[in-house]
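Colleague: I would like to learn how to read a few features of this model with you. Could we go through them one at a time?

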Amino acid sequence: MTRPAGAAASDLPAPAAHAADVSRALSTRIAGTIHDSGGWIGFDRYMQMALYEPGLGYYVAGSRKFGADGDFVTAPELSPLFGECVAAQCAHWFGSAQAEVVEFGAGSGALAAQLLAALQALGAAPGRYRIVELSAELRERQRELLAARVPALLDRVSWLDALPPAIDGVVVANEVLDAMPVRLFRWGDGEIFERGVASAPDGDGFVFADRAADDAFAGRVRLALDEAWGACGEPRGDFVSELGEQAEAWVETVGARLTRGAMLLIDYGFPRAEYYHAQRATGTLMCHYRHRVHADPFLWPGLQDVTAHVDFTAISRAARRAGLAMLGYNSQARFLLDCGLLERLSSRPRDDARKWAQQVQAVQQLLSEAEMGELFKAIAVGRDVPDDAPGFATRDRRHVLE
Ligand SMILES: C[S@@+](CC[C@H](N)C(=O)[O-])C[C@H]1O[C@@H](n2cnc3c(N)ncnc32)[C@H](O)[C@@H]1O
């Protein structure tokens with residue numbers, strides 16, 4: 001059993017009393033699940049409960065999450081120019097697909113509001129904008145934001161409880177794949193263990209606990225590692241990382257329902273060879289709590305975001321299994337530049353110097369290699385749409401998925 005390295009609870013701002021109560025209630029429920037499962041659960045089960053347990057999980061209980069007073073900031077929260085760029089790409093696809101958008105995990109609703117406003121300005125407002133949102137609380141926040149920002153288009157927006165049986169249009173998901181539960185593994189001396197979660201021996205919280213991986217899981221891990229290490233060689237010591245099986249299954253399922261149109265997924269991650277590079281020996285699991293990033297998923301369960309980077313090779317293969325064609329893969333910076341981000345910025349009024357400086361700074365954050373520009377990628381896959389997406393016009397040899 002191992003306690004995760006990294007931040008200690010004392011390094012982070014203490015939660016308010018009612019939030020701490022929610023976290024304690026969730027911890028009790030997780031501990032009960034571990035007990036009922038014989039003392040061990042997979043990390044995917046833990047992450048599912050920490051983020052989505054009804055009434056208690058991070059994304060479904062009422063904490064602030066997005067924006068300056070939350071835990072992290074996403075691209076649409078930074079600048080409306082992000083949504084304008086995505087809208088330009090959607091409008092292009094609308095030329096050959098029906099004008100419908102299905103957005104998954106819409107967060108505060110900022111991207112939906114930007115997309116609807118920008119598409120309307122382009123004369124391409126979608127007939128329908130459907131949002132698949134797991135959290136009732138976030139749905140309410142999204143409805144309020146859309147009512148305030150795009151009241152005239154609100155009647156085109158609907159919220160779905162389950163996946164739509166068929167999608168004819170454009171699927172958009174920004175930073176959703178990284179929020180899907182992952183399984184953890186440890187490779188050591190050629191053996192593969194599944195890293196799960198047990199209750200701490202002193203009854204105070206949770207610890208990692210490794211056990212021999214079952215054959216199917218070990219086989220998938222070996223395949224991924226062999227592919228990556230064929231290029232860079234094996235690591236010297238233990239290697240811990242994740243397998244994003246749920247994200248792959250999601251792409252395959254949603255992709256199969258895309259009767260015609262495109263899926264645009266934006267998230268942080270790498271192609272497989274980089275994801276499992278021998279030097280990335282502690283994986284990509286990260287937690288966000290009040291703008292602090294650390295590596296302990298057991299601190300305040302339910303009050304912090306838990307995420308893993310995306311293996312884009314796995315995502316493109318899942319899309320292919322669903323019969324979709326690759327339409328583009330590039331860094332977020334390249335995608336936004338190809339969608340005209342800088343031209344859009346320079347057409348903004350500069351009379352308010354403070355506002356202008358803020359916009360420039362946000363664009364810098366979206367594009368900079370040191371911030372979101374390179375770590376974040378955009379991938380587009382589709383069915384029966386031409387392979388001429390303007391957002392992927394620059395074929396960048398550094399960003400290729402086989
Ligand atoms: C990091 S937030 C991103 C929110 C928003 N897209 C943004 O860019 O600000 C992740 C979101 O993904 C949602 N999510 C995770 N898995 C999902 C799924 N299978 N279907 C729909 N939403 C999902 C979460 O509920 C949460 O709203």
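Colleague: Where is the place of W300?

Modeller: W300 lies in the loop between strand 12 and strand 13. Before we go on, note that this is a predicted model, where local features need pLDDT of at least 70 and side-chain atom pairs count only at pLDDT 80 or more, while totals for chains, interfaces and linings use all residues. Residues are numbered from 1 along each chain as its sequence is written, and side-chain values use heavy atoms, with hydrogens and water left out. Helices (H or I, at least four residues) and strands (E, at least two) are DSSP runs, numbered from the N terminus.

Colleague: What is the phi of W300?

Modeller: Most residues other than glycine have a negative phi. W300, however, has a positive phi near 40°. With a relative accessibility of 24%, W300 counts as partly exposed; the classes are buried under 20% relative accessible area, exposed over 50%, and partly exposed in between, with a 1.4 Å probe and protein chains only.

Colleague: Is D189 buried or exposed?

Modeller: D189 counts as exposed, at 80% relative accessibility. D189 is in the loop between strand 6 (183-188) and strand 7, and has a positive phi of about 50° although it is not a glycine.

Colleague: Now to the strands. How many bridges join strand 7 to strand 8?

Modeller: Strands of a sheet pair through backbone hydrogen bonds, either parallel or antiparallel. Two strands pair if DSSP finds at least two bridges between them. Here strand 7 (residues 191-199) and strand 8 (residues 206-212) run antiparallel and are joined by 7 bridges. F193 stands opposite A212 in strand 8. The hairpin of these strands has 6 residues between them, and G203 takes a positive phi near 80° there.

Colleague: What order do the strands have in the open sheet of 3 strands?

Modeller: The order is 12-11-13, with antiparallel pairing. Strand 12 (292-294) and strand 13 (305-307) are the edge strands, each pairing on one side only. On average, neighbouring strands of this sheet are turned by 25° against each other, direction ignored. Strand 11 (residues 286-289) pairs with strand 13 in the antiparallel sense over 3 bridges, and H288 stands opposite D305 in strand 13.

Colleague: Helices next, please. At what angle do helix 1 and helix 2 pack?

Modeller: Two packed helices are described by the angle between their axes and the distance between the axes. Axes are lines fitted to C-alpha atoms, for helices over the stretch in contact, and angles run from 0 to 180 degrees between N-to-C directions. Helix 1 and helix 2 pack at about 155°, with their axes 10 Å apart. That makes helix 1 roughly antiparallel to helix 2; angles under 35 degrees count as roughly parallel, over 145 as roughly antiparallel, 65 to 115 as roughly perpendicular and the rest as oblique. The contact (heavy atoms within 4.5 Å) is made by L26, R29, I30 and T33 of helix 1 and R45, Y46, M49 and A50 of helix 2.

Colleague: What does T33 touch, not counting residues up to four places away in sequence?

Modeller: T33 touches I41, R45 and M49 on that count. T33 counts as buried, at 14% relative accessibility. Helix 2 (residues 43-52) is mostly covered, with 8 of its 10 residues buried.

Colleague: And at what angle do helix 8 and helix 10 pack?

Modeller: Helix 8 (residues 245-257) and helix 10 (residues 312-321) pack at about 30°, with their axes 8 Å apart. The two are therefore roughly parallel to each other.
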